[in-house]
Amino acid sequence: MTEDELKGFFEKHGIKAVINHYDALHRTIYYATIGEDHLPAILFIHGAPASMTIYKNYFTDEELLKRFTMYAVDRPGFGVTGGIAEPSIKKHAEMIYSLAERIHRVHQPLVIMAGSYGVSIACRMVMDHPNIVQGLVLVAPSLGPGLEKMYWVAPLLAKGFVSKLVPKEYQSASIEKLNHKKELEKMLPFWKKIDVPVFYLQSKNDGVVYSSNGGFAKEHLINVPFLKIHFFKGRKHNIHSKHHLFIRNKIMELFKMLVV
């Protein structure tokens, strides 16, 4: 997707967004700002393969627009940011931290909503930069090493001639998938550093990222003041759209907790 194509997407869906970019770790990262600029903020971090556009239902949600300035980022390897994938979760988190730090200077509180692989990045950022975020909404979270499905085709899509036959985002997703377990293993000593309220939302029989991640969350998020885990019925992994209103209400619930 080019910047003009993203602008066209926003126009098509009636989303009033400003597209911008910044440089971090020798990469140019694109993000969008939606809504008024004087409100508390939500930063959306997508999974893979995906881009910021998967959150379009939230960008037009009147309740969110009344209460939040919304930011959404295209991660390296996806969307307008594009380029090669970044397999290091720590480096990935540092690149997005550059945006979160800018947001945090202007907006209080700052909440992150992340999905799937994006959850790993959001959590790493909070581990490495305490106090940058005041709350987390984790959707279909990938937390524990090996607690996800590994597709046999992933090595073929990550490199070689097969990777040239599929859309670039599938190559990027496969590169991330192949490195994910060892990257999550590096995070094991640091889960106790997360000390903000957490909402955990997932399908009960998620076939991509296993629901056993819920047990991992209970075991490792030992210093969070609040952990609410909710499982939806079914096997669907990408639940951000189907359960948009429920998830929106959890964002609002978290916000009320933070401003009391």
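## Phe255 and its contacts

Phe255 is in contact with Pro40, Phe68 and Pro109, leaving aside its neighbours within four places in sequence. This is a predicted model. Phe255 sits in helix H9, which spans residues 244-259. Its relative accessibility is 14%, so Phe255 counts as buried.

Phe255 and Phe68 are 187 residues apart along the sequence. In space, their C-alpha atoms are 9.7 Å apart.

## Two cis peptide bonds

Pro109, one of the contacts of Phe255, has a feature of its own. A cis peptide bond joins Gln108 to Pro109, with omega about -10°. Pro109 is found in the loop between H4 and strand S5 (110-115).

Ala48 and Pro49 are also joined by a cis peptide bond. Here too, omega is about -10°. Pro49 belongs to the loop between strand S3 (41-45) and helix H2 (56-59). Most peptide bonds are trans.

Six of the six residues of S5 are buried, so the strand is largely enclosed by the rest of the structure. Leu110, Ile112 and Ala114 point one way from S5. Val111, Met113 and Gly115 point the other way. Residues of both groups are buried.

S5 pairs with strands S3 and S6. S3 and S5 run parallel and are joined by five bridges. In this pairing, Ile42 stands opposite Val111. S5 also pairs with strand S6 (residues 135-139) in the parallel sense, over five bridges. Gly135 is the bridge partner of Val111 in S6. Together, S5, H5 and S6 make a right-handed β-α-β unit.

Most residues other than glycine have a negative phi. Ser116 has a positive phi, near 55°, and is not a glycine. Ser116 is found in the loop between S5 and helix H5 (117-128). At 13% relative accessibility, Ser116 counts as buried.

His26 also has a positive phi, about 65°, although it is not a glycine. His26 lies in the loop between strand S1 (17-24) and strand S2 (27-34). Is His26 buried or exposed? Its relative accessibility is 86%, so His26 counts as exposed.

## Asp74 in its loop

Asp74 lies in the loop that runs between strand S4 (69-73) and helix H4 (89-106). Its relative accessibility is 0%, so Asp74 counts as buried.

Which residues does Asp74 contact, leaving aside its neighbours within four places in sequence? They are Ile29, Tyr30, His46, Ser51, Met52, Gly79, Val80 and Thr81.

## Ser203 in strand S7

Ser203 has its place in strand S7, residues 198-203. With a relative accessible area of 1%, Ser203 is buried. The side chain of Ser203 reaches the backbone oxygen of Lys236 at 2.4 Å.

Lys236 is also among the residues that Ser203 touches, not counting those up to four places away in sequence.

Terms used: Residues are numbered from 1 along each chain as its sequence is written. This is a predicted model: local features need pLDDT of at least 70, side-chain atom pairs count only at pLDDT 80 or more; totals for chains, interfaces and linings use all residues. Side-chain values use heavy atoms; hydrogens and water are left out. Helices (H or I, at least four residues) and strands (E, at least two) are DSSP runs, numbered from the N terminus. Buried means under 20% relative accessible area, exposed over 50%, partly exposed in between (1.4 Å probe, protein chains only). Contact means heavy atoms within 4.5 Å. A polar contact is a pair of N or O atoms within 3.5 Å; within protein, one must be able to donate a hydrogen and the other to accept it, and residues adjacent in sequence count only if both atoms are side-chain atoms. Two strands pair if DSSP finds at least two bridges between them. A crossover is right-handed if, with the strands pointing away from the viewer, the path from the first strand over the helix to the second runs clockwise.
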